[in-house]
Amino acid sequence: MNTFLGNDAHAHLLPDYSLDGAFDEMFTPDGVIRPHYEALLNVLSQMPREELQRRKQSADYSFLMQGITFTVYGRQEGTERIFPYDLVPRLVTGAEWDRIERGLTQRITALNLFLHDVYHEGKILSQGVIPREIVYSCHHFRRQMRGLQVPRNVYVAVAGTDLLRMSNGEYVVLEDNLRVPSGVSYMLTNRRIMKRTLPILFRNYGVRPIEHYTQALLSTLRSIAPEGRPEPTIVLLTPGVYNSAYFEHTYLARQMGIELVEGRDLVTHDNIVYMRTTAGLKRVDVIYRRVDDDFIDPLAFRSDSILGAAGLFNAYRAGNVTLGNAFGTGVADDKALYAYVPAIIRYYLNEDPILNNVETYLMTDKSQRQHTIENLDKLVVKAVGESGGYGMLIGPQSSQADREEFRRRIEANPRNYIAQPTLDFSRSPCLLEDGSVEPRHVDLRPYILYGDKVTIVPGGLTRVALRKGSLVVNSSQGGGSKDTWVLG
Amino acid sequence: MLSRVADSLYWTSRYLERAEHTVRLVDINQGMMLDRSETSAERRWRRVLAAIGYPPNVEWNEDVYALVHKLCFDPSQLGSVTACIIAARENARQIREAITTEQWQRLNQLYHEIQRLKPSSPSETQLAEFAPTIINGAHLFQGVTDTTLSHGEGWQFLQVGRFLERASATTNLLDVYHRDVYLRTGEVLDAYEYLEWIGLLRTCTAYEAYCKVYTADLTYERILEFLLLDAEFPHSIRYSVDRMHQSLDAIQQESRGLQATELMRVAGKLKSSLAFAQVAEILAQDPAKYLRGIQEQCHCIHNLIYEVYIQYSVQTALAM
């Protein structure tokens with residue numbers, strides 16, 4: 001434990017800033033400040049506490065006034081809350097970022113090739129690189145997609161991959177979100193507010209811009225339009241006003257200048273999708289859908305869904321409309337399949353993975369299951385189909401009864417669970433209520449666009465576990481976010 | 001513009017207009033109870049109920065406070081002021097990307113204000129603060145709508161909703177007064193009847209405007225002429241129909257290709273019949289029938305708007 005960090009000028013800002021095994025983004029393990037954080041720390045310590053707090057309040061107010069909120073479930077009238085926000089930016093050096101970018105490009109390329117393969121010949125399965133049962137038992141595998149040709153073979157057009165930084169400083173992939181990743185509007189609004197809050201510091205750091213994201217998203221969507229539609233009509237399909245990400249949907253639609261549609265606005269006739277406008281039916285070519293597979297077409301999937309449009313899937317099969325992302329991409333971000341992603345990269349690209357995985361134990365494997373059950377108090381167990389921090393056991397923070405419960409569940413349905421070591425991922429300086437700065441655990445979710453080319457805007461959404469010692473960064477469970485500055 | 005968005009815009013302003021009309025009607029009638037009158041309270045409140053579309057056999061139980069509470073504050077009562085404000089806000093919430101921030105904030109603010117003013121029990125009901133809040137809120141919304149939203153198709157749909165609701169509500173009100181007051185009035189108005197007619201004019205915010213044209217000399221013929229046929233007064237039926245027609249015309253220009261012929265025919269016919277009508281002629285025939293005719297045409301226009309722009313059949317649209 002080291003209690004004195006930085007130099008005298010920083011002491012008042014960092015009264016309780018301590019280091020332990022986890023990687024600290026600002027200090028080396030010996031308590032020496034990392035060079036790229038020096039200017040930031042100097043500016044923060046020269047600013048009076050009141051000034052820092054004032055800027056924080058003004059940023060919060062700006063979020064509230066713009067209605068940048070998410071909906072908390074569980075009450076009759078959805079409660080709207082601001083997404084908690086931290087003022088200290090997370091800094092990523094140019095060299096670190098370039099490696100991340102190469103790693104993510106490699107990964108998204110391999111995963112798209114994998115999806116094409118499993119929905120066509122299935123070579124990777126027949127050659128035994130991946131066990132068939134892992135793919136076919138996946139809840140998100142869509143048999144309906146077999147043999148279907150999608151434009152440019154793009155299955156995942158938009159991904160949001162969660163990265164963690166381990167104690168040796170290495171970035172690893174925690175999960176690939178390949179279905180309907182959200183949060184990008186927070187990345188963009190964080191940046192806008194940050195530029196207003198710390199303008200001079202921002203300029204001096206020479207941060208790489210991210211503002212072209214919506215334009216890149218639009219051109220990615222345009223590039224996957226059905227053939228013969230040179231001026232495609234693109235829409236964003238939202239589940240509607242009660243969805244927790246509704247703000248993001250309205251934001252992206254406005255920024256791209258495309259219509260925000262609900263299922264009830266769409267009509268399918270002769271395998272062509274139209275939207276109802278006051279000037280009659282207008283043909284739709286590309287749907288950026290923010291509705292899950294299960295709900296998108298009551299004829300093809302869940303018949304009780306009122307969020308989708310009847311007949312949409314047939315129009316898609318006929319090649320008259322493109323969906324971003326395609327149906328059935330969930331098979332590639334299944335938490336059990338995740339363990340095979342390094343093998344997938346080697347198989348299709350004949351390269352070693354640039355970004356490694358977190359060590360993962362598959363419960364379908366007898367010896368790995370045995371090991372997990374004996375070490376439940378040290379491991380994290382996750383249900384393969386869940387997200388948002390739900391359905392998991394964090395071993396070191398669990399009770400005997402929790403562990404017993406999970407042991408029963410694992411043995412009843414081994415395919416449904418995986419286990420990973422409890423990760424001591426990196427911590428980044430955060431501003432507390434009282435105006436001092438302490439480290440908190442962070443992850444990083446960059447957004448990857450895959451169409452005629454791969455575009456990854458530099459940075460992403462850094463999510464913060466705002467509670468001291470907490471490892472959970474999800475917004476539904478006390479997480480917040482901060483801006484991510486990729487330098488030089 | 002998406003049909004769903006047009007639909008929500010139309011109803012946002014219709015509901016706001018309805019809230020404003022209802023609260024004014026209730027407030028003025030409650031005020032009239034203070035004056036000694038030959039007209040019984042029951043008859044007056046039955047008139048109010050009829051004017052906002054309740055069936056004639058609705059139960060009457062003497063408790064005016066409970067009734068006012070129901071008409072103004074009960075969110076579960078269809079058509080109550082509170083229910084209208086909630087419905088307007090819900091419609092606006094679902095099209096936040098289509099309206100301006102200022103419009104949304106006014107509506108949202110109005111909603112929160114009325115939550116605050118809700119009385120703890122029906123016996124505590126009073127409108128002294130509630131009625132001006134609703135009326136101001138509706139006026140503010142109209143103001144920011146005019147100054148912050150582009151006067152394109154969306155703005156036109158807001159106008160259509162507002163003026164169609166106004167024309168229809170005013171016609172209904174005139175019809176009720178015609179049956180309940182005029183047909184029971186002698187040649188010369190006495191003081192009590194005078195009070196009734198002032199109530200009618202004030203419900204349409206028309207008292208001052210009427211006096212400017214005709215002086216405070218109230219006759220049924222002039223009142224009917226003013227509320228029905230005046231070309232310049234914003235709450236007259238003719239003015240409302242003119243504005244509605246103007247907006248429907250603008251919408252038709254913008255959304256080329258759809259068959260709005262029948263809609264424009266019906267709206268145009270109503271507009272010209274009001275433009276060329278004379279009050280003496282209407283009185284010589286059957287005013288009640290005339291007013292019901294306008295009601296029916298308003299209803300028909302509503303249905304045609306849905307048929308042409310919102311719920312058109314897919315087959316028709318594909319054939320074009």
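Contact here means heavy atoms within 4.5 Å. The model is predicted.

**View 1. The two domains of chain B.** On the side of domain 1 of chain B, 33 residues are in contact with 37 residues of domain 2 of chain B. The size of an interface is often given as the accessible area lost when the parts come together. Between domain 1 and domain 2 of chain B, the buried area is about 3400 Å². Carbon and sulfur atoms give 56% of that area.

View 2. Seven salt bridges are counted between domain 1 of chain B and domain 2 of chain B. One salt bridge joins the side chains of B:Arg14 and B:Glu165, at 2.8 Å from N to O. Three helices of chain B each supply at least two residues to the side of domain 1 that touches domain 2: H1 (3–32), H2 (41–51) and H6 (130–148). H1(B) gives the most to that side, with 15 residues. By class, this side of domain 1 of chain B has eleven nonpolar, ten polar and twelve charged residues.

**View 3. Where chain A meets chain B.** Here 25 residues of chain A are in contact with 26 residues of chain B. The two chains bury about 2100 Å² between them. Carbon and sulfur atoms carry 50% of this area. The rule finds two salt bridges across the interface of chain A and chain B. A:Glu262 forms a salt bridge with B:Arg4, and their closest N and O atoms are 3.4 Å apart. The interface of chain A and chain B also has 14 residue pairs in polar contact, both at pLDDT 80 or more.

View 4. Elements giving two or more residues to the side of chain A that touches chain B are helix H9 (246–256) and strands E7 (259–261), E8 (266–269), E9 (272–277) and E10 (280–283) of chain A. E9(A) provides the largest share of that side, four residues. By class, the side of chain A that touches chain B has eleven nonpolar, six polar and eight charged residues.

**View 5. Helix H9 of chain A.** Nine of the eleven residues of H9(A) are buried, so this helix is largely enclosed by the rest of the structure. Among the buried residues of H9(A) are A:Tyr246, A:Phe247, A:Tyr251, A:Leu252 and A:Met256. A:Glu248 and A:His249 are also buried. Just after H9(A), A:Gly257 takes a positive phi of about 70°.

**View 6. A:Pro151 and its surroundings.** A:Pro151 is found in the loop between helix H5 (132–136) and strand E4 (158–165) of chain A. Its relative accessible area is 24%, so A:Pro151 is partly exposed. Leaving aside neighbours within four places in sequence, A:Pro151 is in contact with A:Ile224, A:Ala225 and A:Thr322. A:Met26 is 125 residues from A:Pro151 along the chain, and their C-alpha atoms are separated by 44 Å.

Conventions: Residues numbered from 1 in each chain as written. Chains lettered and ligands numbered in written order. Heavy atoms only, no water. Buried area = accessible area lost by both parts, 1.4 Å probe. Salt bridge = Lys/Arg side-chain N within 4 Å of Asp/Glu carboxyl O. Nonpolar A, V, L, I, M, F, W, Y, C, P; charged D, E, K, R; others polar. Polar contact = N/O pair within 3.5 Å; in protein donor to acceptor, adjacent residues only side chain to side chain. Buried < 20%, exposed > 50% of the residue type's maximum accessible area, 1.4 Å probe, protein only.
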